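Me: I have a structure open and would like to talk through how it is put together. Could you take me through it piece by piece?

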Amino acid sequence: MDCQEKLEVPVYTDVDRETFLRDIYPLRRPAVLKRVPLGPCVRSWTVSYLAQKGGDREVKVHVSPEPRMDFLHKNFVYRTLPFDKFIQRAAEAKHSDFFISEDESYYLRSLGEDVRKEPADLRKQFPELAEDFHIPQFFEPEQFFSSVFRISSPGLQLWTHYDVMDNLLAQVTGRKRVVLYSPKDALYLYLTGDKSEVLDIDTTDLQLYPEFVKASRYECILEPGDLLFIPALWFHNTLALQFGVGVNVFWRHLPPESYDKKDPYGNKDPVAASRVLQSLERTLGILEELPPDYQDFYARRMVLRIQSRAYLRQTMEASQENSDTA
């Protein structure tokens, strides 16, 4: 998107816990962290090693006939494969064994033992491989929520979405492009729930999504061994430039009671936010009792009230600048 403002994600090297908590974490902005020790996984996680260590444990994977996966319209199917077979297929450009087509794309997001109750934890689902991966100690042990395998075919692109917990994306093998958007640009991303309707973020149909150009684009390339700190609520879109293996580590940075206890994926809105959104739907239903011109007037009053009570000051100033230059 040549017409979007492009910003680089800052890069830090040799970051330890003290540096992260003092210089990076308080900024609440994405950061690439290089030369943080991740353990022997960076050298040892070859296709053959992963297949051997992961064995024939069955995993549920996304399979798509095209590399750009669309969660909103479900252009993929779920299939179950032994882990070693999945790894071999995901690393291939063309498949002799396939479900849909010889150039289908694969994506694994590992799950807990009980997918409805238990978050993913590399140490439980893949203990032999977990020994190779050292989780950076940038948060307290009791804050840990999940560690998630992310393994994808070359060229696979995942939809733009946000998470409600802070996380570190460890790119163990392969290269990956990550594009991020600030929570303050949510108005321009055409959201359905936690996902953006804009699938093609590089050659976007601006007649369909004209506001998308107003979102500032943060971009980085992750090399093997790199970490990306993604603060909660930052939107992100990933493109696997090569077959790659990553691990997402999520932790609770809000008080535990803020989160939905029945959410093993860690992507449901905080409890208070869910209540607010439900109340908003009820309020909008009441608003529909008025004639259209009254609905418009009182909706604008509601927006002003929300801005004055809940927007951060710099967000309000930026919105005012946009309206002044429009």
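This is a predicted model: local features need pLDDT of at least 70, side-chain atom pairs count only at pLDDT 80 or more; totals for chains, interfaces and linings use all residues.

Me: How many bridges join S10 to S13, and which way do they run?

Reply: S10 and S13, the latter covering residues 217-222, run antiparallel and are joined by five bridges.

Me: And what about S10 and S15?

Reply: S10 also pairs with S15, residues 235-240, in the antiparallel sense and over six bridges, and within that pairing Arg 177 has Leu 239 as its bridge partner in S15.

Me: How many residues of S10 are buried?

Reply: Six of the six residues of S10, which spans 176-181, are buried, so the strand is largely enclosed by the rest of the structure. Both of its faces are covered, with Lys 176, Val 178 and Leu 180 buried on one side and Arg 177, Val 179 and Tyr 181 buried on the other.

Me: Where is Ser 182, then?

Reply: Ser 182 is found in the loop between S10 and strand S11, residues 191-192.

Me: Is Ser 182 buried or exposed, and why?

Reply: Ser 182 counts as buried because its relative accessibility is 10%, which lies under the 20% cut-off for that class. Not counting residues up to four places away in sequence, Ser 182 touches Trp 234 and Phe 235.

Me: Switching to the nonpolar cores: how many residues does the largest one have?

Reply: The largest nonpolar core has 42 residues, and those with the most contacts inside it are Leu 33, Trp 45, Phe 83, Phe 86, Phe 133, Phe 149 and Ile 151. Apart from that core lies another of 18 residues, which includes Phe 145, Tyr 162, Val 164 and Ile 201.

Me: Take Phe 86. What is it in contact with?

Reply: If neighbours within four places in sequence are left aside, Phe 86 is in contact with Val 59, Val 61, Leu 81, Tyr 106, Tyr 107, Leu 108 and Ile 151.

Me: Which residues of H4 are buried?

Reply: The buried residues of H4 are Phe 83, Asp 84, Phe 86, Ile 87, Arg 89 and Ala 90, that is, six of its eight residues, and the helix is mostly covered. What covers these buried residues includes H3, S4, strand S5 (77-82), S6, H6 and S7.

Me: S6 is on that list; how many of its residues are buried?

Reply: Strand S6, residues 105-109, is mostly covered, with five of its five residues buried. Ser 105, Tyr 107 and Arg 109 point one way from S6, while Tyr 106 and Leu 108 point the other way, and all are buried.

Me: Which strands does S6 pair with?

Reply: Strand S4, residues 58-64, runs antiparallel to S6 and is joined to it by three bridges, and in that pairing Ser 64 stands opposite Ser 105. S6 also pairs with strand S7, residues 144-152, in the antiparallel sense over three bridges, where Tyr 107 has Ser 152 as its bridge partner.

Me: Back to helices. Which residues of H3 are buried?

Reply: In H3, residues 47-54, Leu 50, Ala 51 and Gly 54 are buried. Seen down the axis of H3, its buried residues fall within an arc of 100°, so they line one face of the helix. On the other side of H3, Ser 48 and Gln 52 are exposed.

Me: What covers the buried side, and what follows the helix?

Reply: What covers the buried residues of H3 includes helix H4 (83-90), helix H6 (127-130) and strand S16 (244-251). H3 is followed by Gly 55, whose phi is positive, near 65°.

Key
Residues are numbered from 1 along each chain as its sequence is written. Side-chain values use heavy atoms; hydrogens and water are left out. A nonpolar core is a set of buried Ala, Val, Leu, Ile, Met, Phe, Trp, Tyr and Cys residues joined through side-chain atoms within 4.5 Å. Buried means under 20% relative accessible area, exposed over 50%, partly exposed in between (1.4 Å probe, protein chains only). Contact means heavy atoms within 4.5 Å. Helices (H or I, at least four residues) and strands (E, at least two) are DSSP runs, numbered from the N terminus. Two strands pair if DSSP finds at least two bridges between them. The arc is that of the directions from the helix axis to the C-beta atoms.
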